[in-house]
Amino acid sequence: MTSTVTGGLPPAYHRILARSQDLQFSMNSDVLTGTLLRSLAASKPGGRILELGTGCGLSTCWLLDGMPSDASLVSVDIDATFQTVARDELRADARLTLVRQDGGDYLTDASGSFDLIFADAWPGKFSHLDEALGLLAPGGIYLVDDMLPQPNWPAGHAPKADALAAHLQALPGFAVTTFQWSTGVIVCVKR
Ligand SMILES: C[S@@+](CC[C@H](N)C(=O)[O-])C[C@H]1O[C@@H](n2cnc3c(N)ncnc32)[C@H](O)[C@@H]1O
């Protein structure tokens, strides 16, 4: 058995990747995390999904590719230039709502609950973690990637990632799995 991409790439994948490269955006999730996001999204009929950190929309297109037709996705990013790529490429999908806002403010003001949260920005991961976890429905999934050392990490980031990993692995009320796979993924399912 090998780690591989089954089921093909999402329709918008190559366009978004090319435009992100034109913008020198280097923070796209990798394809393995993309396939996991697609699979988890597929497990949420009628689900509400939240992505913190749209970037250019690469992980967004994986989530949309898995989501049942009656699920919905809110994706939040503070940066208009990057998020505009997602807006251009994915606007035809009525299941998607793109929000340009600070992720911490979004989490502080959010109402209702989410069935899957992909926390791929500072807020919801290294800050406002309790707010993000508090928004999960029972059975809801919280997922982070980039937990193994990455070439684009700034100096001093490794201890922060290690501390977050240790915190998530000890979370009461969650079933937690750590994957030394892809860029390092932690999945926390709310009991
Ligand atoms: C790792 S990238 C997201 C990549 C994207 N999820 C993907 O895999 O294609 C992190 C994103 O967080 C955004 N960001 C940074 N600070 C933020 C904040 N305070 N609130 C919301 N988004 C923020 C950045 O603009 C960037 O697009």
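Select Thr-54. It is buried, with a relative accessible area of 3%. Buried means under 20% relative accessible area, exposed means over 50%, and partly exposed lies in between (1.4 Å probe, protein chains only). This is a predicted model: local features need pLDDT of at least 70, side-chain atom pairs count only at pLDDT 80 or more, and totals for chains, interfaces and linings use all residues. Residues are numbered from 1 along each chain as its sequence is written, and side-chain values use heavy atoms, with hydrogens and water left out.

Stay on Thr-54. This residue sits in the loop between β1 (48-52) and α3. Helices (H or I, at least four residues) and strands (E, at least two) are DSSP runs, numbered from the N terminus. Now show the contacts of Thr-54. Residues up to four places away in sequence are not counted, and Thr-54 touches Thr-60, Ser-75, Val-76, Asp-77, Gln-83, Ala-86 and Leu-98. Contact means heavy atoms within 4.5 Å.

**Next stop: Arg-100**

Select Arg-100, in strand β3 (residues 96-100). Is Arg-100 buried or exposed? At 54% relative accessibility, Arg-100 counts as exposed.

**Next stop: Pro-45**

Move to the loop between α2 and β1, where Pro-45 is placed. Pro-45 counts as exposed, at 61% relative accessibility. What does Pro-45 touch, leaving aside its neighbours within four places in sequence? Pro-45 is in contact with Pro-68 and Asp-70. Now pick Leu-133, 88 residues from Pro-45 along the chain. The C-alpha atoms of Pro-45 and Leu-133 are separated by 20 Å.

**Next stop: helix α1**

Select residues 13-22, which form helix α1. Colour Tyr-13, Ile-16 and Ser-20: these are buried. They cover an arc of only 75° around the axis, so they lie on the same side of α1. The arc is that of the directions from the helix axis to the C-beta atoms. What covers the buried residues of α1? The cover includes α2 (31-42), α3 and α4 (80-90). The face of α1 turned away from its buried side carries the exposed residues His-14, Gln-21 and Asp-22.

Step just past the end of α1, to Gln-24. Gln-24 lies in the loop between α1 and α2. At 71% relative accessibility, Gln-24 counts as exposed. Its phi is near 55°, a positive value in a residue other than glycine. Most residues other than glycine have a negative phi.

**Next stop: the aromatic pairs**

How many aromatic pairs does the structure hold? There are four. Show the rings of Tyr-13 and Trp-62. Their centres are 5.9 Å apart and their planes are at 70°, so this pair is edge-to-face. The pair links distant parts of the chain: Tyr-13 is in helix α1 and Trp-62 in helix α3, 49 residues apart. Both Tyr-13 and Trp-62 are buried.

Rings of Phe, Tyr and Trp (its six-membered ring) pair if their centres lie within 6.5 Å; planes under 30 degrees apart count as stacked, over 60 as edge-to-face and the rest as tilted.

Now show Phe-179 and Trp-181. The ring centres of Phe-179 and Trp-181 are 6.0 Å apart and their planes are at 55°, so the pair is tilted. Phe-179 counts as partly exposed, at 30% relative accessibility. Trp-181 is partly exposed too, with a relative accessible area of 24%.

**Last stop: the largest pocket**

Select Met-27, Asp-120, Ala-121, Trp-122 and Asp-146. Of the 36 residues that line the largest pocket, these lie nearest its centre. The elements that give two or more residues to this lining are α3 (58-66) and β2 (72-77). The space in the largest pocket is about 770 Å³.

A pocket is an open set of points on a 1 Å grid over the protein atoms alone, where a 1.4 Å probe fits, with protein on both sides within 12 Å along at least five of seven lines; lining residues have an atom within 4 Å of a point. Grid points are joined across faces, edges and corners, and a volume is the space filled by probe spheres set on the points.

Finish on Asp-146, in the loop between β5 (136-144) and α7 (157-169). At 23% relative accessibility, Asp-146 counts as partly exposed. Asp-146 has a positive phi of about 60°, although it is not a glycine.
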